Amino acid sequence: MTKLFYYSIRNAFARKLTGILTVGGITLVVFIFCAVLMLSHGLQVTMVDTGSADNVIAVRKSATTEIVSIIPRSQADIIKADPGVAREADGTPLLATEIMVLINPLKRSTGEPANVPVRGVSAMSLKIRPNVKIVQGRMWHEGTSEVIAGAKVARNFAGCGLGETVRFGMRDWTVVGIFEANGSGFESEVWGDVDQLSAAFQ
């Protein structure tokens with residue numbers, strides 16, 4: 001056993017380049033494996049936190065995401081009348097018609113543009129997502145060019161912090177509130193009045 005250990009040590013010094021490349025290769029493989037596991041875990045946690053067992057997202061046939069789906073208001077009214085939609089005590093359907101588009105604000109760290117989802121929502125949108133809470137500032141006033149930004153967007157993108165102004169849809173929008181959503185993907189979005197955003201993006 002002693003000789004085996006001795007030969008191993010002597011071989012490592014005799015073949016330094018081979019030994020260094022072997023150790024480096026193993027280290028690289030382990031690092032990549034750990035990075036993939038961390039990325040997978042992060043995505044899984046974010047997606048699970050963003051979803052809800054009580055909520056359903058209705059998209060058009062063949063659409064794979066909200067962004068590429070278009071449902072006319074007339075068809076949304078049909079969905080709203082479906083008996084499978086939950087209702088409040090007064091019979092109001094717990095359904096929110098929303099829009100979602102992508103904008104490209106600049107990242108604070110690099111100054112490079114990156115995609116940020118903008119979601120047009122209503123009061124019902126907040127009611128069916130009780131995990132969304134405003135932690136700074138206030139809610140926007142209806143009929144104005146005001147928005148609220150998720151905590152991650154406000155932290156990472158220029159123009160998206162409290163009191164700042166971000167331009168999209170041919171208009172300047174003032175961020176009047178910052179919200180959190182238990183670390184879910186909603187914190188990476190900007191929210192505003194659905195009617196105002198619909199008009200801005202036609």
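Analyst: V36 sits in helix α2. Keep in mind that this is a predicted model.

User: What makes L28, F31, I32 and V36 a nonpolar patch?

Analyst: A patch of this kind takes nonpolar side chains joined within 5 Å, from residues with over 30% relative accessible area and no salt bridge. L28, F31, I32 and V36 form such a patch on the surface. Together they have about 410 Å² of accessible area.

User: Which elements make up the protein?

Analyst: The protein has six helices and seven strands. From the N terminus, their order is α-α-α-β-β-α-β-β-α-β-β-β-α. Of the 202 residues, 29% count as buried. The protein exposes about 13200 Å², and carbon and sulfur atoms supply 61% of that area.

User: Why is V56 called exposed?

Analyst: Exposed means over 50% relative accessible area. V56 has 78%, so V56 counts as exposed. V56 is in the loop between α2 (16-50) and α3 (73-80). Its C-alpha atom is 9.4 Å from that of V85, which is 29 residues away along the chain.

User: How do you know that R119 and E98 form a salt bridge?

Analyst: The rule asks for a side-chain nitrogen of Lys or Arg within 4 Å of a carboxyl oxygen of Asp or Glu. Between R119 and E98 the N to O distance is 2.9 Å, so the pair qualifies. This pair links distant parts of the chain. R119 is in strand β2 (residues 116-121), E98 is in the loop between α3 and β1 (99-103), and they are 21 residues apart.

User: What makes R108 and E164 a salt bridge?

Analyst: Their closest N and O atoms are 2.9 Å apart, and the limit is 4 Å, so they form a salt bridge. R108 is in the loop between β1 and β2, while E164 is in the loop between α5 (151-156) and β5 (165-168). The two are 56 residues apart. R108 has a relative accessible area of 39% and is partly exposed. E164, at 28%, is also partly exposed.

User: How do you know which label R167 and D172 get, exposed or partly exposed?

Analyst: R167 has 52%, so R167 is exposed. D172 has 46%, so D172 is partly exposed. Their side chains meet in a salt bridge at 3.1 Å, N to O.

User: What joins E98, R119, R129 and E189 into one network?

Analyst: Salt bridges that share partners do this. The count of salt bridges comes to seven.

User: Where is E187, and what does its side chain reach?

Analyst: E187 is in the loop between β6 (171-180) and β7 (190-193). A polar atom of its side chain lies 2.7 Å from the backbone nitrogen of A181. The side chain of E187 also reaches the backbone nitrogen of N182, at 3.5 Å. Leaving out residues up to four places away in sequence, E187 touches residues including G150, V153 and F179.

Terms used
Residues numbered from 1 in each chain as written. Predicted model: local features only at pLDDT ≥ 70, side-chain atom pairs only at ≥ 80, totals over all residues. Heavy atoms only, no water. Helix = DSSP H or I, 4+ residues; strand = E, 2+ residues; numbered from the N terminus. Polar contact = N/O pair within 3.5 Å; in protein donor to acceptor, adjacent residues only side chain to side chain. Contact = heavy atoms within 4.5 Å. Buried < 20%, exposed > 50% of the residue type's maximum accessible area, 1.4 Å probe, protein only. Areas by Shrake-Rupley, 256 points an atom, 1.4 Å probe, with all protein chains shown as cover. Patch = residues over 30% accessible without salt bridge, like charges linked within 9 Å, V, L, I, M, F, W, Y side chains within 5 Å.
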